[in-house]
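Trainee: Please take one part of this model and go through it closely. I would like to hear about the nonpolar core and the strands around it.

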Amino acid sequence: MAFGKLNRHIFEASFCLFLMTAIQTASSVKNDIHTEKQLTSGPGNKDLDNNLNFSPDGSKLVFDCRGEQGINENSTLGYLDIATGKIVYFYKQRPPLLGVGAASFLDNNSVIAIHAIPGHKYDFTERGGMIIPIDGSGKVQLLDSRNISAPYAPGALRGGTHKHEPDSTGNWIGFTYNDHIMKFNHASDLRNVGVSHVGRTVRVPPNSDGGNFQGTSFSVLLTTAIDHPKPGSDEIQRAEGDCWVGNRGYPKDGRHILSRAFRGTVIVLENGKDVPYLDVFMVDIPKDITVSGPLGLLEGTSETYPKPPRGAVTHRLTRTAENVDHRLRGINGHMRSSGDGRWISYFGKTLINNEVVNQVFCVSPIT
């Protein structure tokens with residue numbers, strides 16, 4: 001059973017019936033409305049990332065121009081005006097600075113994208129979020145602050161962020177993160193999930209090489225990946241593939257809890273070897289993220305990763321890694337949530353004629 005021991009997280013009959021009805025309705029629609037249509041043309045690549053490519057009003061579609069070399073060699077962002085078909089290139093970096101992409105609309109007039117740090121070669125730990133207006137003015141704003149010179153500042157990060165995803169209000173922006181201090185001082189390059197609270201700034205002192213910078217938000221990590229998780233435990237080695245749970249959070253006790261779902265890498269002991277598998281997790285976000293939690297300082301130390309704020313509670317939602325049949329262990333795909341926050345979707349595994357087949361599953365965050 002792909003859900004392992006988590007029997008309480010199953011589809012309700014009414015939900016399955018809804019899906020079946022929707023599929024039957026869609027298949028009865030005339031084929032002519034599903035005709036493929038090319039939207040862009042002309043030279044240069046156009047690449048869509050996996051976040052909020054459409055503007056909130058649905059009139060524009062943002063893209064970057066990365067080629068085979070990826071974001072680290074890209075310098076340009078553009079958007080397509082869907083009604084007119086016009087392509088507008090609204091942002092271009094000036095060489096030697098290279099590294100911009102994976103843009104998501106923040107509102108109808110601006111996007112948030114991965115951006116390289118001036119004077120530094122693009123790397124997972126050498127990048128940040130940049131808020132960029134689409135009017136071509138170039139009046140950009142850094143999202144996250146960065147502080148790689150001790151003493152570190154609470155609310156500032158020490159590495160690079162990506163996969164920036166605003167919530168429905170635009171006040172919170174989720175991201176994934178790699179830490180510069182731990183990578184280069186301790187050879188530990190773990191990925192974590194974090195969140196920025198827009199509009200709450202942090203004072204960061206400048207440093208000689210420009211590696212410190214001032215952003216427009218207070219940012220923290222929400223997860224605590226470790227290099228060597230205990231096999232069979234809920235400890236994780238990596239967190240990514242994250243999404244917001246619901247448009248307003250998930251419902252609980254008459255209120256909505258702000259939360260990020262993510263896939264976490266757990267370790268299982270198989271034939272005397274540590275084997276990694278992915279399962280679905282989520283982490284609740286407290287309203288006040290400025291207070292250090294029981295695991296350590298928000299800003300971390302020279303020897304440790306930054307730690308989550310007080311009240312950031314992590315829940316493991318699936319236990320596929322505990323399936324007796326090892327072929328059915330693990331999940332995949334980026335997490336996606338229903339608007340009401342009651343369901344989180346992912347790719348799981350089933351057996352058909354004794355062959356492993358990926359299927360779409362849902363799990364509920366509601367206990």
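Mentor: In this predicted model, the largest nonpolar core has 29 residues. Those with the most contacts inside this core are Trp172, Val195, Val220, Leu222, Ile236, Phe262 and Ile285. Five elements are listed as giving two or more residues to the core: β10 (191–198), β11 (217–221), β12, β15 (259–270) and β16. Nonpolar side chains in soluble globular proteins tend to be buried together.

Take isoleucine 285 as a way in. With its neighbours within four places in sequence left aside, isoleucine 285 is in contact with Trp172, Val195, Leu222, Trp244, Leu258, Ser259 and Arg260. Trp172, Val195 and Leu222 are also among the residues with the most contacts inside the core.

There is a second, separate core of 15 residues, and Tyr250, Met282, Ile331 and Met335 are among its members.

Now the sheet. β12, β15 and β16 belong to an open sheet of 4 strands, in the order β12-β15-β16-β17, with antiparallel pairing. Its edge strands are β12 (239–244) and β17 (314–316), each of which pairs on one side only. From one strand to the next, the twist averages 35°. At the β17 end, strand β16 (residues 273–284) and β17 are joined by 3 bridges in the antiparallel sense. Methionine 282 stands opposite histidine 315 of β17, and Met282 is one of the residues of the second core. As a rule, side chains in a regular strand alternate between the two faces of the sheet.

Strand β9 spans residues 172–179 and is joined to β8 by 6 bridges, the two running antiparallel. Histidine 162 stands opposite threonine 176 in β9. β8 and β9 form a hairpin with 5 residues between them, and glycine 170 in the turn has a positive phi of about 80°. Strand β8 (residues 159–166) is mostly covered, with 8 of its 8 residues buried; buried here means under 20% relative accessible area.

For a hairpin to set beside that one, look at β2 and β3. They too have 5 residues between them, and glycine 85 in the turn has a positive phi of about 80°. Strand β2 (residues 76–81) pairs with strand β3 (residues 87–92) in the antiparallel sense over 5 bridges. Threonine 76 has lysine 92 in β3 as its bridge partner.

Technical notes: Residues numbered from 1 in each chain as written. Predicted model: local features only at pLDDT ≥ 70, side-chain atom pairs only at ≥ 80, totals over all residues. Heavy atoms only, no water. Pairing = 2+ DSSP bridges. Axes fitted to C-alpha atoms, helices over the stretch in contact; angles between N-to-C directions. Buried < 20%, exposed > 50% of the residue type's maximum accessible area, 1.4 Å probe, protein only. Core = buried A, V, L, I, M, F, W, Y, C linked by side-chain atoms within 4.5 Å. Contact = heavy atoms within 4.5 Å.
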